[in-house]
Amino acid sequence: MIRYEIKKIFSKSLSKVSLVVLLFSLLISCYFAITNVSFLDEQGKSHTGIAAAKSLREEKQKWKGVLDEAALQAVLDEYKKISEEYPIRPGDDSANLLHDSKVQGFSEIKDMINMGFCEFRDFNYYRIDSLSKEEVGQIYENRGKSLEKWLNSEDADGLFDENEKAFLIEQYREMKAPLYYEDYDGWKSALSYAQTIIMLIMLVSAFLVSGIFSNEFSWKSDSIFFSTKYGRDRGTRAKIMAGFIVVSVIYFIVISLYSLVVLGCLGSQGGNVMIQTGFWHWKSFYNITYMQLYLLTVVAGYIGTVFCLFLSMLVSAKTHTAVVAVTIPFAILFLPLFVSNFDFLSGILGVFPDRLLQINEIINTFDLYHIGGKIVGSIPIMLVIYPILSILMVPLMYHVYHKTEIK
């Protein structure tokens, strides 16, 4: 019966078109993720592709190692040496690209240094120019001081209570310093487009499963289905299982293909590098590596996808129409955009299911919650709440459809 329900899902023309769209989107996402890495040759000309990524990786791996005081001083010395020979000239793109080509091997370390010595909410691309060798070794200590200074400033007034401030400061202190560095472009690029892929999987899957419970009504065969011996029990269970299997198989096949292509082309080294290395995640209080962040993105995305589509199936079981059900994932994704300006909803929006699909972005946010006398971030809460809600929807779907009355 499950096999029959799965065949019904893919028998529709819209389902086949949806899969083609998803495949095309996968190819486009892989292309953009791979070309997201660019290498500047000796003339300052930009190149992308697998060969360019390999060349850039060779440059970055020269700086592989622990970023202790000596390593940071070496970066500072090399940067100032290059800046004297190839100075940045405002308005002169050729000269600036030539400068960038010389520093690209340690550009992420340079950005980390800039971040480490700017005010918490600011960024100065040229901050490294005014640093001394004695100062640069204080970067990790300065990271915590910058946070404390901001938390006690007027800009952060009212955003956090004393316990929350203490929690953030402690999380910063728990980061293992000095950080280890090596090229992690493969993971960084994979993360850049992973949430796009996950959202597309959810939206495409919505078209596939939204009609599972409504097909009998649209085909005028509901009276036959519910009057058969096993229609209400085994038939209903088969529909639930078919939806879960289809969503799960599509999700992991697409994610696996995406991961294999991107990491295969750009390299999987650097997975053990902490996300605070570099620019984008320097301020995050989640002390995890890039590989852990990618796995978290995939797992959270799966949980969010299953939850949204189970909710869509539940609506389909209740309303007996696919039109309403298919709008549920779209509503979950776009509703926060329209209500984000309402401050009283900030707590709810911080754990709204759409955020499970955007882990790479919310890993940088300071969404904190008090639970059982402890303070936790939004991500652990969502990883607990939504699997439970998804499981609870299974018997609810069964009950709603099982009790459907024949008209």
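How many salt bridges does the rule count in this predicted model? The count comes to 12 salt bridges, where a salt bridge is a side-chain nitrogen of Lys or Arg within 4 Å of a carboxyl oxygen of Asp or Glu. In this predicted model, local features need pLDDT of at least 70 and side-chain atom pairs count only at pLDDT 80 or more, while totals for chains, interfaces and linings use all residues. Residues are numbered from 1 along each chain as its sequence is written, and side-chain values use heavy atoms, with hydrogens and water left out.

**View 1. The whole protein.**
The protein has 18 helices and six strands, these being DSSP runs numbered from the N terminus (helices: H or I, at least four residues; strands: E, at least two). Taken along the principal axes, the box filled by the C-alpha atoms is roughly 85 × 50 × 35 Å. Of the 407 residues, 51% are buried; buried means under 20% relative accessible area, exposed means over 50%, and partly exposed lies in between (1.4 Å probe, protein chains only). Among contacts between residues at least 6 apart in sequence, 74% join residues at least 24 apart, a contact being heavy atoms within 4.5 Å. The protein exposes about 19800 Å², of which carbon and sulfur atoms supply 60%; accessible areas come from the Shrake-Rupley method with a 1.4 Å probe, and for residues only the protein chains shown count as cover. There are 38 positive and 42 negative side chains, and the centres of the two sets lie 14 Å apart. Lys and Arg count as positive and Asp and Glu as negative, whereas His and the chain ends are not counted; the place of a charge is taken as NZ of Lys, CZ of Arg, CG of Asp or CD of Glu.

R173 forms a salt bridge with E148, and the closest N and O atoms of the pair are 3.8 Å apart. This pair links distant parts of the chain, with R173 in helix α9 and E148 in helix α8, 25 residues apart. R173 counts as exposed because its relative accessibility is 59%, whereas E148, with a relative accessible area of 29%, is partly exposed.

**View 3**
The side chains of E162 and K165 meet in a salt bridge with an N to O distance of 3.7 Å. Both residues lie in helix α9, three residues apart, about one turn of the helix. E162, at 58% relative accessibility, counts as exposed, while K165 is buried, with a relative accessible area of 13%.

K60, E108, D185 and K188 are linked in a network of salt bridges. Because D185 and K188 are three residues apart in helix α10 (residues 185-209), about one helical turn separates them. D185 is buried, with a relative accessible area of 6%, whereas K188 counts as partly exposed at 32% relative accessibility.

**View 2. A patch of negative charge on the surface.**
D122, E154, D155 and D157 gather on the surface in a patch of negative charge. Patches are made of residues with over 30% relative accessible area and no salt bridge, like charges being joined within 9 Å and nonpolar side chains (Val, Leu, Ile, Met, Phe, Trp, Tyr) within 5 Å. One of the four, D155, lies in the loop between α8 (139-151) and α9 (162-174), and D155 counts as exposed because its relative accessibility is 59%.

**View 3. The buried residues of helix α5.**
In helix α5 (residues 93-103), the buried residues are A95, N96, H99, S101 and V103. The cover over these buried residues of α5 includes β1 (38-40), α4 (69-85) and α6 (107-116).

**View 4. F279 and its contacts.**
F279 is found in the loop between α13 (231-266) and α14 (290-319), and at 37% relative accessibility F279 counts as partly exposed. Leaving aside neighbours within four places in sequence, F279 is in contact with D111, M115 and F123. From C-alpha to C-alpha, F279 and I362 are 15 Å apart in space, and they are 83 residues apart in sequence.

**View 5. I388 in helix α18.**
I388 has its place in helix α18 (residues 378-402) and counts as partly exposed, at 46% relative accessibility. I388 and F117 are 271 residues apart in sequence, and their C-alpha atoms are 43 Å apart in space.
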